[in-house]
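Here's a quick briefing to read alongside the sequence and the 3D view. Have a look at the fold, then work through the points below.

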Amino acid sequence: MTNVIPISRAEREKACVVALHCSLGSGRQWKTLADELGRAHRFFAPDIAGYGTNSCCAADLPLTLAEEVRCLSGQLHDADGPIHLVGHSYGGAIAFKIATCSPFAHRLRSLTLIEPVLPTLLCESEADRRLHARFAQVARDVSEDLWNGSALEAIDMFIEFWNGSGPQDPLPASARLRMIERADKLAFDFTAAFAEANVATAAASLRVPTLLFSGGLSPYLTQRIVQRLGAIMDCAEVQHLPAAGHMLPLTHASSVNPAIAKHIARADELAGVPLALETALAEAGSRAEG
């Protein structure tokens, strides 16, 4: 499924916004961001493979981030023209892959990553390796519960980890049921995230304006990933929300969405500068010849 705001033909040349949701979520996660951006851009919020209405049998589920990108290629082709890419959590990891190593990378105008799950970035120092090892253990424990048919226990463990030091508020029964229905995909998401190598090298190669978000109540794993990306990438701006947790695109949308909109508008403005300069030089040349 792709949630698309319809536009007129005259608007078709404008840049698109593509927003990728977290594990156990769906494209509906981005409704408030779509409202914030209004009709200035076409907005695509596809369901990642295995979530929302994009159901797959286990044999077809992606095992790498590159396979996730291939599963989204149809929606990305629909988003013709320049792309502003937004990704949260596992969706942030996929967005990073699109931006750094995919047929769509050259079309990126801006990138926004909200606590992307890129754990292999944390294998360079002893302190960071401990964070990586703890997350790997969580992945093994959640996956083992899923293989044993204990989806409820797997979901509880998964949510407890991502709550970090934030409040342990109980989930509504309807949300819990939706998560249980899609729980088996978690093992695939973990496998893909841990299979991604050379993240630091890929991050250093990025040259598009990038906005990074982290929350002070999130697991320190993702806070540290954002810190590392911010240090590696020359084109990155980091925004840290001390009172926010890992689900900050939802819980702190009133802060996050205007910042994303401003980032996108600034990237659009920067993209227009070379064209405006080229036009001005061409006009000056014509006047000189005349």
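What share of the contacts in the protein chain with a separation of 6 or more comes from residues 24 or more positions apart? It's 79%. Keep in mind that this is a predicted model. The protein chain has twelve helices and seven strands, and buried residues make up 49% of its 290 residues.

**Nonpolar cores**

- In soluble globular proteins, nonpolar side chains tend to be buried together.
- The largest nonpolar core here counts 62 residues, and the ones touching the most other members are L85, I94, F96, I98, L111 and L229.
- Leaving aside residues up to four places away in sequence, L111 touches L85, A95, A99, L206, V208, P209, T210, L211 and H263.
- Another core of 20 residues lies apart from the largest one, and its members include A19, I114, L248 and V256.

**Helix 4**

- Helix 4 spans residues 90-100 and is mostly covered, with ten of its eleven residues buried.

**Helix 5 against helix 8**

- Helix 5 (residues 126-147) packs on helix 8 (residues 185-195) at an angle of about 150°, and their axes are 9 Å apart.
- Because of that angle, helix 5 is roughly antiparallel to helix 8, the cut-off being over 145 degrees.
- The crossing of this pair is left-handed.
- On the helix 5 side you'll find H132, F135, A136, A139, V142, S143, L146 and W147, which meet L186, A187, F190 and F194 of helix 8.
- Sorted by class, that contact has ten nonpolar residues, two polar ones and no charged ones.

**Helix 6 against helix 7**

- The axes of helix 6 (residues 151-163) and helix 7 (residues 173-182) come within 9 Å and cross at roughly 110°.
- That angle makes helix 6 roughly perpendicular to helix 7, since 65 to 115 degrees is the range for that label.
- Helix 6 and helix 7 have a right-handed crossing.
- Helix 6 brings A151, L152, I155, D156 and I159 to the contact, while helix 7 brings R176, M179 and I180.
- By class, six of the residues in this contact are nonpolar, none are polar and two are charged.

Definitions and conventions
Residues are numbered from 1 along each chain as its sequence is written. This is a predicted model: local features need pLDDT of at least 70, side-chain atom pairs count only at pLDDT 80 or more; totals for chains, interfaces and linings use all residues. Side-chain values use heavy atoms; hydrogens and water are left out. Axes are lines fitted to C-alpha atoms, for helices over the stretch in contact, and angles run from 0 to 180 degrees between N-to-C directions. Helices (H or I, at least four residues) and strands (E, at least two) are DSSP runs, numbered from the N terminus. Angles under 35 degrees count as roughly parallel, over 145 as roughly antiparallel, 65 to 115 as roughly perpendicular and the rest as oblique. A crossing is left-handed if the near helix is turned anticlockwise from the far one by less than a right angle, and right-handed if clockwise. Contact means heavy atoms within 4.5 Å. Ala, Val, Leu, Ile, Met, Phe, Trp, Tyr, Cys and Pro count as nonpolar, Asp, Glu, Lys and Arg as charged, and the others, Gly among them, as polar. Buried means under 20% relative accessible area, exposed over 50%, partly exposed in between (1.4 Å probe, protein chains only). A nonpolar core is a set of buried Ala, Val, Leu, Ile, Met, Phe, Trp, Tyr and Cys residues joined through side-chain atoms within 4.5 Å.
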